[in-house]
Structures are given as C-alpha cells and as structure tokens.
Amino acid sequence: MYRLMLVEDDNKLASLVAEYLAGYEFSVDIVSRGDAALARFRDTQPDVVVLDLMLPGLDGMLVCRQIREISNVPILILTAREDVFDEVSGLEQGADDYINKPVQPRVLLARLRALLRRGQDKPATGDLSFGAFRVSKEDRIVFWRGQPVTLNSSEYKLLLVLAESAGQVLSRNDILKKMRGIEFDGLDRSIDNCVSRLRRKFDDPDGEKIKTVWGEGYLFSPSAWD
C-alpha cells in the first residue's frame, strides 16, 4: 500500500481521486489547504505527493518548494493552470511531473506508478568526474570548480542522465524516458528549458559543455568541463 498525500481544495475531485486510487493500492490522505500541507507531510511521510497549485492559505508553488527543501519524495502537480510558464515554474520548484486538469484517472495512475518505480530504484553509488565537474551520486550533490551547485530535482536528474551518457547523443525521448518514464510528445519543452538553466549555471553560454545536436538531441561533452 502506497501512502499518497493529495493537496486539493476541490472536495469532490479529491474524493473521486482517492476512491479511484484506493482500488490500486494507494492510501490517500487529503489536505485541503496549502498552509496545512507541510505539517501534514512531516507527520505522515507519504511515498508520493499530488499537489494542486491554486490553494487557500498558501500557493501550491510555495508548498512544492517547502516539501522539496526537506525531502526527495516524488511530487506530481495536478492543476487547472495551463500556462507553460506555470509548468516550467513547477518543475523549477522541484516537481517531478506536471499534469493539467482534467485528467483521465488511468493516466494519473500511470504517472504515479512511473514516479514510484523510479523512486524504488537503488541509487547509484560513486562519483562521476569530468575535469572541474563532479557528481557525488550517493549525496546527490554536483560540484563545479570545487563548489557545490544548487540544482532543483529536475535539473539534477537531467544533468545526471546526460553525464552518465557522456559523449553520446540522447534524444528528448531518451531523456524523458530516463527521467520520468514517459514518451516525448513533440510538444514538451521542459527539457529544453532545463538545459538552458543548466548552461547558465555552468558558464556554458555557447553550449559547448551541453551540446545541441540539431534534429537529434543533446550531448554531454566530457572534454569541455575543464
């Protein structure tokens, strides 16, 4: 039985989601206010969080950030907001997936199962090192020129996927499958946006460290991290 915390102020929707997921080994704890979510999270320690953005008391973006500061639990944002900016912001705050309402229950279930499968994988141990770049996979810390770099969950996962395949071109489909267990739909721009942020953080304005291979995808260049 998986413990799921659902932060949702629409009581009818929350009840429907809880009832559906109960048939698939999920125990759902419903929280109706954003300002109550963090305390409930600390008390219950759920296996996964489903989070609305438009909440009374505290905006869902802030709730996402608060939870991510203390835990690597999978977070799925489920919201009526359809602006791409909101999706990018949610992923930047540390969410692992983002779905617009309305959503088919079986799609929500599939996304949750994908997140939980990734969470159950044993973390890789050891370090990756290329010049002045190093990843401590045990500690989930990235160092650049001897200093730790602040990355959100999506940035860390993308960078690790690329670095583990250094010298190889990965398509957006390859990357999304490794990060989220889903196929690229031709419209998802979260990978491109995340690469842009990583380039800024690692002094890579010309894309020499993380190369764009037009028509194919991205390549982590192992020789460019001196």
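**Labels and their cut-offs**

Mentor: In helix H4 (residues 84-92), the buried residues are Asp86, Val88, Ser89, Gly90 and Leu91. Buried means under 20% relative accessible area, exposed means over 50%, and partly exposed lies in between (1.4 Å probe, protein chains only). After H4 comes glycine 94, with a positive phi near 115°.

Trainee: What kind of model is this, and how are residues numbered?
Mentor: This is a predicted model, in which local features need pLDDT of at least 70 and side-chain atom pairs count only at pLDDT 80 or more, while totals for chains, interfaces and linings use all residues. Residues are numbered from 1 along each chain as its sequence is written, and side-chain values use heavy atoms, with hydrogens and water left out.

Trainee: What makes a run of residues a helix or a strand?
Mentor: Helices (H or I, at least four residues) and strands (E, at least two) are DSSP runs, numbered from the N terminus. The chain has 8 helices and 12 strands.

Trainee: Why does the radius of gyration agree with a compact globule?
Mentor: The rule, taken over C-alpha atoms, is 2.2 Å times the number of residues to the power 0.38. For 226 residues a compact globule would come near 17 Å, and the chain has 18 Å, so the two agree. Along the principal axes, the C-alpha atoms fill a box of roughly 55 × 35 × 30 Å. Of the 226 residues, 46% are buried.

Trainee: Why is leucine 21 called buried?
Mentor: Its relative accessibility is 0%, so leucine 21 counts as buried. Leucine 21 sits in helix H1 (residues 11-22).

Trainee: Which residues does leucine 21 contact, leaving aside neighbours within four places in sequence?
Mentor: They are Leu4, Phe26, Val28, Leu109 and Leu112; contact means heavy atoms within 4.5 Å. As for leucine 128, 107 residues along the chain from leucine 21, the two C-alpha atoms are separated by 39 Å.

Trainee: Why is aspartate 192 called buried?
Mentor: Aspartate 192 has a relative accessible area of 10%, and therefore it is buried. This residue belongs to helix H8 (residues 190-201).

Trainee: What makes the pairing of aspartate 192 with arginine 172 a polar contact?
Mentor: A polar contact is a pair of N or O atoms within 3.5 Å; within protein, one must be able to donate a hydrogen and the other to accept it, and residues adjacent in sequence count only if both atoms are side-chain atoms. The two side chains meet at 3.0 Å, and the pair is a polar contact. Beyond neighbours within four places in sequence, aspartate 192 is in contact with Arg172 and Tyr218.

Trainee: Why does serine 71 count as buried?
Mentor: Serine 71 has 17% relative accessibility, so it counts as buried. Its loop lies between helix H3 (60-70) and strand S4 (75-79). The serine 71 side chain reaches the backbone nitrogen of valine 73 at 3.0 Å.

Trainee: Where is serine 171, and what does its side chain reach?
Mentor: Serine 171 is in the loop between strand S10 (169-170) and helix H7 (172-180). Its side chain reaches the backbone nitrogen of aspartate 174 at 3.0 Å. Not counting residues up to four places away in sequence, serine 171 touches Glu216 and Gly217. From serine 171 to glycine 215, 44 residues apart in sequence, the C-alpha to C-alpha distance is 8.7 Å.
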